[in-house]
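Please look over the sequence and the model below before reading on. The report that follows takes up individual residues and then the chain as a whole.

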Amino acid sequence: LATIAGFAALAVAKPQTAGLLPDLRTVVPQHLGVMNEHQREILRFSNGVANTGDGDWRMRPEFPLVDTAQPQKAIQEILDLYGNVVEKKVVSQFEFHETHNHWHINGIALFEVRSGSPTGPIVGGNSIKTTFCLIDWYKLEDNSPTKERTYFECSGAYQGISPGWVDQYHQATDGQQLDITGTPEGLYYLVSTANPDGVFIEKDLTNNTAWTSFRLTRDSNGNPKIEVVDHSPCSGGMCGEEAPNR
């Protein structure tokens, strides 16, 4: 009987296959606007990070997230077709974000304002790396019922984005801004890059950037106004036009 039970256990055991890699990509930035805040001119925008790969972008802390004063190692796990962990690696840190009141992962995105072209000179000091909590927020090409989300909280055992899902941050959220105070009139590019340092394991590091160009003008009193002109090539949900704004 023991032998029969052993064979039965082997029959239902999940085999291990090759790891399925995620592919982080930036959805075209949307909802650009310039606001006067504390005598500064602030460019605000929404930003989305999509996973268009075959596997989950899945992160866990080294220990339970308890002490908000201390950062903690962030471990990326690569899963296979059956959900087995086939690779794990320390790639970043979890850090508590006081304003958002939850845990973020460092090095998620890079925001820049560039002049003349997406690869032109950076305007002023407008090159900022930012942290995020990333979860399944909406699907790229379908309805997004809550029950289908695998990753849905920022202080639990895991953060991540499932294949075909996106996390997006609203333009009013702290961190979704760049300071363009005193920038002269002209054509500029808001450039957003996911995984800018290449620390996260993914399928393709060459497709992580998206941009939106805008023309900056000033009225007779010097007040800024922007007009969106163009954006990077995209298709479907990667254009961000129908994205719900978290």
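## T131 and its surroundings

Not counting residues up to four places away in sequence, T131 touches H97, H104, I105 and N106 in this predicted model. T131 belongs to strand β7, which runs over residues 122–132, and its side chain is joined to that of H104 by a polar contact of 2.8 Å. T131 counts as buried because its relative accessibility is 19%, and the limit for that class is under 20%.

## R58, a buried charged residue

R58 is found in strand β3, residues 57–61, and with a relative accessible area of 16% it is buried. What does the side chain of R58 make polar contacts with? One partner is the side chain of E77, at 2.9 Å, and another is the side chain of Y158, at 3.1 Å.

When neighbours within four places in sequence are left aside, the residues in contact with R58 are I75, Q76, E77, L79, Y151, Y158, Q159 and G160.

In soluble globular proteins, nonpolar side chains tend to be buried together. The largest nonpolar core of this chain has 36 residues, and the members that touch the most others are L43, W57, M59, I108, V113, F200 and F214. Strand β6, spanning residues 102–115, gives the most to this core, with 6 residues. For V113, the contacts beyond four places in sequence are L43, P121, I122, V123, N126, L178, I180, Y188, Y189 and F214.

Apart from this core lies another, of 7 residues, with A50, L140, V166 and A243 among them. V166 lies in strand β10, residues 165–169, and counts as buried at 0% relative accessibility. Leaving aside neighbours within four places in sequence, V166 is in contact with V27, G48, V49, A50, I135, D136, W137, Y138, L140 and I161. The C-alpha atoms of V166 and M238 are separated by 9.3 Å, although these residues stand 72 residues apart along the chain.

## Two residues with positive phi

Most residues other than glycine have a negative phi, and most peptide bonds are trans. H38, which is not a glycine, has a positive phi of about 55°; H38 lies in the loop between β1 (24–37) and β2 (40–51). N195, also not a glycine, has a positive phi of about 50°, and N195 is placed in the loop between β12 (186–194) and β13 (209–218).

## The chain as a whole

The secondary structure of the protein chain comes to 1 helix and 14 strands, and its C-alpha atoms fill a box of roughly 90 × 40 × 30 Å along the principal axes. Of the 246 residues, 47% count as buried. Among contacts with a separation of 6 or more, 66% are accounted for by residues 24 or more positions apart.

The chain exposes about 12,300 Å², and carbon and sulfur atoms supply 51% of that area. As for charge, there are 19 positive and 30 negative charges, and their mean positions are 2 Å apart.

How values were computed
Residues are numbered from 1 along each chain as its sequence is written. This is a predicted model: local features need pLDDT of at least 70, side-chain atom pairs count only at pLDDT 80 or more; totals for chains, interfaces and linings use all residues. Side-chain values use heavy atoms; hydrogens and water are left out. Helices (H or I, at least four residues) and strands (E, at least two) are DSSP runs, numbered from the N terminus. Buried means under 20% relative accessible area, exposed over 50%, partly exposed in between (1.4 Å probe, protein chains only). Contact means heavy atoms within 4.5 Å. Accessible areas come from the Shrake-Rupley method with a 1.4 Å probe; for residues, only the protein chains shown count as cover. Lys and Arg count as positive and Asp and Glu as negative; His and the chain ends are not counted. The place of a charge is taken as NZ of Lys, CZ of Arg, CG of Asp or CD of Glu. A nonpolar core is a set of buried Ala, Val, Leu, Ile, Met, Phe, Trp, Tyr and Cys residues joined through side-chain atoms within 4.5 Å. A polar contact is a pair of N or O atoms within 3.5 Å; within protein, one must be able to donate a hydrogen and the other to accept it, and residues adjacent in sequence count only if both atoms are side-chain atoms.
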